[in-house]
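Open the model in your viewer and keep the selection tool ready. We will go stop by stop.

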Amino acid sequence: MSSQQLPLLEVPVTALAQAQRYPRLRYMGSKYRLLPTLAKVFEEVGGSTALDPFAGSGVVSYLLKAQGFEVTSRDYLNFPVTLTKAACVNQRQRLSKDEVRSIAEGGNLDGRDFISRTYRGRFFTPEDQLFLDSAWSRIDRLQGEKRDLAIAALVLAAARKQPRGVFTVTGLRYDDGRDSLHKPLNEHFVGCVQAWNDAVFEGQRCQSFRGEAVEATPSTDLVYLDPPYAPPNDDNDYLKRYWFLEGLSDYWEHGTASVMHDTLTRKLPKRPTAFGSKRTIEAALAALFERFSGSTIVLSYGSNAVPSVDTLMAMLRDVKGSAPEIIDLQHRYHFGTHRNAARREATEYVLIAP
Ligand SMILES: C[S@@+](CC[C@H](N)C(=O)[O-])C[C@H]1O[C@@H](n2cnc3c(N)ncnc32)[C@H](O)[C@@H]1O
């Protein structure tokens with residue numbers, strides 16, 4: 001790590017240790033590996049309320065909660081919101097052994113079969129698909145945070161069983177023989193419930209909403225901005241990679257009608273966002289900086305994306321009246337194939353604008 005002279009405070013070990021217990025979801029752009037740096041930055045910034053409007057895997061919201069902030073999480077996708085409800089909004093509910101057993105082994109309560117019918121031969125084994133349908137028939141009878149926990153475990157289990165955690169290809173092209181790809185999904189589910197149960201702890205009151213980042217209420221001491229990084233020659237579409245998890249998080253309630261039946265994977269349509277294109281991202285970031293100018297803005301961005309860090313520094317200076325501080329870290333991305341390996345090494349910036 002190379003960092004400019006920023007006087008970072010030590011973070012209480014317990015907060016970071018708690019954050020590192022967050023169940024690990026393979027997610028594009030997730031900041032698990034930056035937790036120690038972000039924890040120091042948040043400690044330095046201080047305050048009591050924080051907004052994480054691009055929550056993604058939810059790990060940074062969870063870190064902020066562990067550091068004692070009242071956290072408001074947000075994402076334009078549903079499943080990240082469910083994960084943050086399970087681990088941040090939820091202060092003390094856990095699923096009992098009996099509840100887990102009934103979801104994992106109890107069988108289908110209402111005969112639903114949307115997943116088995118729609119994804120036959122595409123994703124997961126027939127037994128796994130039967131499990132997903134029957135698990136949902138039982139989860140639908142749960143309420144509140146227990147329901148969030150069960151959905152979070154189902155999402156995590158599906159992601160762990162899918163090669164590389166993304167749903168852009170069907171079949172087992174990336175099957176490298178790992179046990180996790182062959183373990184039955186209901187067994188994954190039991191392990192994932194355990195992981196979420198273990199992550200539950202009591203902190204300050206937290207909230208989580210689905211919606212556009214720029215529509216979040218600008219009233220917190222700290223705002224952590226971790227938008228999709230717009231690459232110069234590629235796309236950064238989250239739904240293209242994780243649409244199955246999005247559908248699974250509400251049993252395709254909002255997307256059943258829009259399942260693209262003429263596609264090989266039966267995916268959901270992409271959901272456009274101004275952060276998805278190099279042509280629109282700069283204006284979208286400018287609008288965010290303006291909206292949250294009353295808070296300390298902590299921004300994550302990458303050197304392999306547009307706009308450049310110099311542009312971002314200038315934009316923040318314009319809004320805040322003084323230059324932000326900057327930390328840069330060498331970062332190796334797990335995503336990408338050999339063909340675009342050059343993009344895997346990048347500098348990860350954290351800009352801090354008080
Ligand atoms: C870089 S990821 C965030 C990663 C997260 N900090 C973590 O550590 O896992 C960006 C997130 O922004 C979300 N997103 C994309 N466009 C959005 C928008 N216009 N409003 C809110 N969320 C958006 C994506 O769904 C994705 O979860």
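**Before you start**

This is a predicted model, in which local features need pLDDT of at least 70, side-chain atom pairs count only at pLDDT 80 or more, and totals for chains, interfaces and linings use all residues. Residues are numbered from 1 along each chain as its sequence is written, and side-chain values use heavy atoms, with hydrogens and water left out.

**Stop 1: confidence**

Colour the chain by pLDDT, the predictor's confidence in each residue, from 0 to 100. The chain's mean is 91, and 91% of its residues reach 70 or more. Now select residues 1-5, where the pLDDT is below 50. Beyond near neighbours in sequence, this stretch has nine contacts in the model (contact means heavy atoms within 4.5 Å). Where pLDDT is low, the predicted coordinates should not be read in detail.

**Stop 2: helix 3 and helix 4**

Helices here are DSSP runs (H or I, at least four residues), and strands are too (E, at least two), numbered from the N terminus. Select residues 59-66 for helix 3 and residues 78-89 for helix 4. They pack at an angle of about 15°, with axes 10 Å apart. Axes are lines fitted to C-alpha atoms, for helices over the stretch in contact, and angles run from 0 to 180 degrees between N-to-C directions. Helix 3 and helix 4 are therefore roughly parallel. The cut-offs are under 35 degrees for roughly parallel, over 145 for roughly antiparallel, 65 to 115 for roughly perpendicular, and oblique for the rest.

Which residues make the contact? Show Ser61, Tyr62 and Lys65 of helix 3, then Thr84, Ala87 and Cys88 of helix 4.

**Stop 3: helix 4 and helix 8**

The axes of helix 4 and helix 8 come within 8 Å and cross at roughly 125°. That makes helix 4 oblique to helix 8. Show Phe79, Thr82, Leu83, Lys85, Ala86 and Val89 in helix 4. They meet Glu145, Asp148, Leu149, Ile151, Ala152 and Val155 in helix 8. By class, this contact has eight nonpolar, one polar and three charged residues. Ala, Val, Leu, Ile, Met, Phe, Trp, Tyr, Cys and Pro count as nonpolar, Asp, Glu, Lys and Arg as charged, and the others, Gly among them, as polar.

**Stop 4**

**Stop 5: a salt bridge**

Select Glu99 and Lys146, whose side chains meet in a salt bridge (2.9 Å, N to O). The rule is a side-chain nitrogen of Lys or Arg within 4 Å of a carboxyl oxygen of Asp or Glu. Glu99 is in helix 5 (residues 97-105) and Lys146 in helix 8, 47 residues apart. How many salt bridges are there by this rule? The count comes to 14.

**Stop 6: two backbone spots**

Most residues other than glycine have a negative phi, and most peptide bonds are trans. Go to Tyr251, in the loop between helix 10 (238-248) and helix 11 (281-291). Phi of Tyr251 is near 50°, a positive value.

Finish at Pro307, in the loop between strand 6 (296-302) and helix 12 (309-320). Is the peptide bond from Val306 to Pro307 cis or trans? That bond is cis, with omega near 0°.
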